[in-house]
Amino acid sequence: KQMDGAPVKLIMSGKERAGLKVRNKREQLSLVEAERRFFSVVLPLRSFQANRKIKPGSYTFPFAIKLPRSLPSSDQHPNDTSKVGYRIQYRLTAKIGKDAKLFKELYFPVQSAPLAPEKTPCIIRPTTHRINLVGVKDEGRVILGAMVHNSSVGRNENIELCLACRNDSAVNIRHVEIEIIEFLRWSLSKSETQDSSKVLKSIKSVALPSTTKARSRSMVGKRSTGELYKEIHHELRSRRDPILVNVPDTARDTYRGKLVHVWHCLKVTFVTRSVCNNATAIVPIKIGRAPKAPRQPLSSRLQPEARPESHPMSNVVPLPPPGQMLSTVPESDGEEVEVENGGSYPVMIAPADLIVLGADAVHRKDSRESDSGSVVSAPPLSLSQTQEVSYSNLMTLMQSTTSDFDLILNLLMERRWSRFFGTITPDQYGTIISKVKIEVDHPRVAVMLAPHMNGGQVFTCRYAAAAVKKCSVSYRSVTTKRLLPMCADIQEQYRLILNELNEWERIATSSEFEEALLAASVEQ
């Protein structure tokens with residue numbers, strides 16, 4: 001039948017949700033859920049005048065929305081209908097009229113954008129383990145070093161792992177075990193959390209690296225730590241006999257949200273005698289969708305990157321043409337599409353200012369409370385809604401975003417924010433890097449921001465020292481190596497950086513310091 005004219009709009013949103021069993025004041029367990037919206041689009045599709053009637057028939061309103069590349073993949077744990085766990089989900093809702101009595105909604109899956117093709121190596125500081133016999137007798141120490149050629153890896157890609165060991169104990173190392181471990185955490189607050197973990201990949205009895213045999217008791221403890229560090233570094237740099245560890249396609253994306261945290265690591269265990277404790281080393285890694293472009297070194301150049309994808313579904317209105325991704329529908333400012341009984345309408349393109357990212361507010365609801373008692377979540381933040389370009393606003397945006405790297409990349413594309421980054425102090429530069437939630441991205445953010453310091457004119461050792469001081473411990477050496485060639489005053493001020501490094505990091509970056517100093521002297 002006919003209906004009164006009314007506006008037609010589409011709402012697309014992304015949320016993370018978490019549920020826990022929590023004891024209330026009466027010591028009773030109740031289900032408490034929280035959700036946070038991190039993505040929202042409200043797109044007007046058609047405005048029918050109120051004094052006009054909409055005739056019976058089938059109407060199609062094509063649309064196109066470019067999904068921001070920072071969106072996480074759809075995910076849930078556990079993989080059932082249980083409300084205790086977490087979900088990352090996306091929903092499409094089509095509404096007609098102000099009171100929205102007529103609506104259609106559907107959840108749809110999103111696959112995150114591919115990882116950047118840039119390689120992010122990780123060489124961790126060697127860990128020293130005391131070997132005790134039956135927990136009492138000290139048999140000496142084992143020093144372990146590990147390096148991965150690229151710590152940002154896609155599913156079905158290989159992690160190239162190099163190991164080095166100096167066995168300064170009287171106990172033989174029998175073999176090495178390697179595991180990829182996935183950790184899940186969902187929370188309602190800092191004190192209300194639940195964790196889960198599983199081993200994604202396990203490799204037993206790996207061939208031993210060199211010098212794992214026991215030393216005679218008279219020689220145990222005779223060599224200095226610095227001497228052993230140098231040998232370990234040389235062995236890791238030579239990349240002899242690397243171990244390839246394949247990332248299974250069941251691995252989730254590494255993700256850090258407000259309610260959901262997914263992280264991964266490589267755990268390396270050097271197995272000794274059954275009556276002795278074992279030595280272990282942990283290497284943090286980032287897992288995601290494998291990049292399409294060939295791998296390349298870290299770069300400070302801002303380059304357009306791939307976007308996430310979602311397959312359209314046939315049982316929701318409106319839809320893009322069949323077979324096309326939501327992220328890849330061609331843009332058009334007036335392409336006419338034939339519709340049944342309703343004439344023709346252009347493809348509606350969602351402008352950038354309608355695509356809203358980030359939210360700090362959390363909607364929390366107890367299963368024993370009514371809907372009317374729940375807290376209403378504040379609308380998400382948007383770059384276009386940020387009136388003041390300031391350091392405090394940047395910190396707010398970084399707390400709310402799903403990807404700090406992509407947020408900063410997008411801000412650098414805006415002239416007003418690009419000018420702002422040129423005014424920040426070395427301490428602020430270091431703090432920005434430290435606030436990046438995924439530690440694998442610390443070197444990438446440091447390198448990307450470096451050319452913009454001091455108004456984009458010169459990058460100095462004082463900035464590099466601040467970055468090294470505040471970045472993740474696992475990536476201090478890599479960050480140092482990447483920033484040294486960019487320092488304009490390296491000959492005069494290199495000690496500012498050197499003073500922030502420990503003994504291992506000085507050994508690991510010694511050749512890069514020599515190269516940077518030599519290059520600076522040649523230029524003069």
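C265 is buried, with a relative accessible area of 7%. Buried means under 20% relative accessible area, exposed means over 50%, and partly exposed is in between, using a 1.4 Å probe and protein chains only. C162 counts as buried too, at 3% relative accessibility.

A disulfide is a covalent bond between the sulfur atoms of two cysteines. Here a disulfide is taken as a pair of cysteine sulfur atoms within 2.5 Å. By this rule the structure has zero disulfides.

## The model and its confidence

This is a predicted model, in which local features need pLDDT of at least 70, side-chain atom pairs count only at pLDDT 80 or more, and totals for chains, interfaces and linings use all residues. Residues are numbered from 1 along each chain as its sequence is written, and side-chain values use heavy atoms, with hydrogens and water left out.

pLDDT is the predictor's confidence in each residue, from 0 to 100. The chain averages 79, and 76% of the residues score at least 70. A contact means heavy atoms within 4.5 Å.

## Overall makeup

The chain holds 10 helices and 24 strands. Both are DSSP runs numbered from the N terminus: helices are H or I with at least four residues, strands are E with at least two. Of the 524 residues, 50% count as buried. Take the contacts with a separation of 6 or more: 74% of them join residues 24 or more positions apart.

## An enclosed helix

Helix 3 spans residues 404-412. Eight of its nine residues are buried, so the helix is largely enclosed by the rest of the structure. The buried ones are D404, F405, D406, L407, I408, L409, L411 and L412. Their cover includes helix 2 (391-400), helix 4 (415-421), helix 5 (426-434) and helix 6 (442-449).

R444 lies over the face of F405, at 3.7 Å from the ring centre. A charge sits over a ring if NZ of Lys or CZ of Arg is within 6 Å of the ring centre and within 35 degrees of the ring normal.

L394 belongs to helix 2. L394 is buried, with a relative accessible area of 0%. Leaving out residues up to four places away in sequence, L394 touches L411, W417, F420, F421 and I432. W417 is 23 residues from L394 along the chain, and their C-alpha atoms are separated by 9.5 Å.

## Two nonpolar cores

A nonpolar core is a set of buried Ala, Val, Leu, Ile, Met, Phe, Trp, Tyr and Cys residues joined through side-chain atoms within 4.5 Å. The largest has 43 residues, and F421 and Y429 have the most contacts inside it. Helix 2, helix 3, helix 4, helix 5, helix 6, helix 7 (461-470), helix 9 (490-498) and helix 10 (503-523) each supply at least two residues of this core. Apart from it lies another core, of 34 residues, among them V41, L45, F108 and V260.

What does Y429 touch? Beyond residues up to four places away in sequence, Y429 touches I424, A446, L449, A450, M453, F459, Y463, A467 and L483.

## Aromatic rings

The whole structure has 13 aromatic pairs. One is formed by F459 and Y463, which are tilted at 6.1 Å centre to centre, with 35° between the planes. Rings of Phe, Tyr and Trp (its six-membered ring) pair if their centres lie within 6.5 Å; planes under 30 degrees apart count as stacked, over 60 as edge-to-face and the rest as tilted. F459 is buried at 5% relative accessibility, and Y463 is buried at 6%. F38, F39, Y90 and F108 form one aromatic cluster.

## Backbone exceptions

Most residues other than glycine have a negative phi, and most peptide bonds are trans. The peptide bond from H77 to P78 is cis, with omega near -5°. P78 is found in the loop between strand 6 (75-77) and strand 7 (85-96).

N156 has a positive phi, near 70°. N156 is placed in the loop between strand 12 (152-154) and strand 13 (158-169). The phi of N454 is also positive, near 55°. N454 lies in the loop between helix 6 and helix 7, and counts as partly exposed at 30% relative accessibility.
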